[in-house]
Amino acid sequence: MHQTLHLLKSRGFPHIRRNTLDTLQVNLGYKCNQACFHCHVNASPDRKEMMSGETVDDVIAFMQASKVTTLDLTGGAPEMNDHFHRLVIAARKLGVRVIDRCNLTILSEPGYEALAQLLAEQQVEVSASLPCYSQENVDKQRGEGVFDASIAGLKKLNALGYGKPDSGLVLNLVYNPQGAKLPPPQEALEADYHRLLQANFGIVFNRLFTITNMPIQRFGSTLVSKGEFEGYMDLLVANFQQHNLDRVMCRSLLSVDYQGYVYDCDFNQMLDLPLQHGAGLKPHLRDLMAVDLLGNPIVVKDHCYGCTAGQGSSCGGALDNDGETSAALIAAE
């Protein structure tokens, strides 16, 4: 799918540069117990690519050598990596905040019964994917039975204190839209999630993050097959908001693939667009142990409009939370 973006006309995304690095986002592998429609990683139970113990050691060494304050673990299902527990514990010993991008259903899989307890003991922040509060929509996007398993996972986390006031255990949910449209305003949708999950299931959580579907990999291929790719790109460009450039995640984050190679963001990783540094070779985390990347140019392509359209989008949800939406976005709904 990554060739598709290069073959289509360029829409000229603005050039931007790096700020101070504070987050290391690490993809521990593409294996997952699910195969979701919107997945920009193309993860599935059949994928074999997983980070080795040696590369995990490189991640730990980088945290020790740098000033990163957050370790953001993703996949696939990052918990399926054999070194997940060791990496989490090492990061917490260094005082680094750890985020686990959890699909919730992994908490019910055989062999992962103790996972939730580990997360709670290490005070790992859970960012859990739940693309809707209704069973029909979730199962349509992620597979039959996923909604029930997700609710079971949320109840397990709540029982440990996640999402509850003064527990110190943060539970955030992540919403992805159905199909080729932008997410609705984050604040209003978050209120609906709080109300309906509490009323229907007794579930509590901290925040809801709305994330725009990226036109790459599985989702991008589906758009192409339906003849919707150009229309979706036009929607993203029409809703471009200049002020979102100040807060896009690539300005303060490094993305690391399962082999240890480094990118400006997770989406560039999926498109094989490595961080540009030094002699132009594909940089590895080991090459950047003592490197200050402040001011380094960020590799941008047209998919970057997905992070700047409307309210904006990042791994931390909408960038612009004032509840306003552009006229083009409203028309698209």
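Aspartate 272 is partly exposed, at 43% relative accessibility (buried means under 20% relative accessible area, exposed over 50%, partly exposed in between, with a 1.4 Å probe and protein chains only). Its salt-bridge partner is lysine 282, with the closest N and O atoms 3.1 Å apart. The model is predicted: local features need pLDDT of at least 70, side-chain atom pairs count only at pLDDT 80 or more, and totals for chains, interfaces and linings use all residues. Residues are numbered from 1 along each chain as its sequence is written, and side-chain values use heavy atoms, with hydrogens and water left out.

**Salt bridges**

- A salt bridge puts a side-chain nitrogen of Lys or Arg within 4 Å of a carboxyl oxygen of Asp or Glu. The count by this rule is 10.
- Lysine 282 joins aspartate 272 at 3.1 Å. Both residues sit in the loop between α10 (266-270) and α11 (305-308), 10 residues apart. Helices (H or I, at least four residues) and strands (E, at least two) are DSSP runs, numbered from the N terminus.
- Lysine 282 is partly exposed, with a relative accessible area of 34%.
- Arginine 97 and glutamate 125 form a salt bridge at 3.0 Å, N to O. This pair links distant parts of the chain: arginine 97 lies in strand β3 (residues 97-102) and glutamate 125 in strand β4 (residues 125-129), 28 residues apart.
- Arginine 97 is partly exposed at 38% relative accessibility, whereas glutamate 125 is buried at 13%.
- Glutamate 49 and arginine 47 meet in a salt bridge at 2.9 Å, N to O. Glutamate 49 is partly exposed, with a relative accessible area of 22%. Arginine 47 is partly exposed too, at 21%.

**Charge over a ring**

- Lysine 282 also lies over the face of tyrosine 261, 5.2 Å from the ring centre. The rule asks for NZ of Lys or CZ of Arg within 6 Å of the ring centre and within 35 degrees of the ring normal.

**Nonpolar cores**

- A nonpolar core is a set of buried Ala, Val, Leu, Ile, Met, Phe, Trp, Tyr and Cys residues joined through side-chain atoms within 4.5 Å.
- The largest has 61 residues. Leu24, Met63, Leu71, Leu173 and Tyr193 have the most contacts inside it.
- Leaving aside neighbours within four places in sequence, methionine 63 is in contact (heavy atoms within 4.5 Å) with Leu24, Val68, Leu71, Leu87, Ala91, Leu94 and Val96.
- A second, separate core has 29 residues, including Phe219, Ile298, Cys304 and Tyr305.

**Aromatic pairs**

- Rings of Phe, Tyr and Trp (its six-membered ring) pair if their centres lie within 6.5 Å; planes under 30 degrees apart count as stacked, over 60 as edge-to-face and the rest as tilted. There are 6 aromatic pairs by this rule.
- Phenylalanine 147 and phenylalanine 201 are edge-to-face, 5.7 Å centre to centre with 65° between the planes. Phenylalanine 147 is in helix α6 (residues 146-159) and phenylalanine 201 in helix α7 (residues 186-201), 54 residues apart.
- Phenylalanine 147 is buried at 3% relative accessibility; phenylalanine 201 is partly exposed at 27%.
- The rings of phenylalanine 240 and tyrosine 305 have centres 5.7 Å apart and planes at 80°, so this pair is edge-to-face. Phenylalanine 240 lies in the loop between α9 (229-238) and β7 (253-256), tyrosine 305 in helix α11, 65 residues apart.
- Phenylalanine 240 is partly exposed at 23% relative accessibility, while tyrosine 305 is buried at 6%.
- Phe13, Phe240 and Tyr305 form one aromatic cluster.
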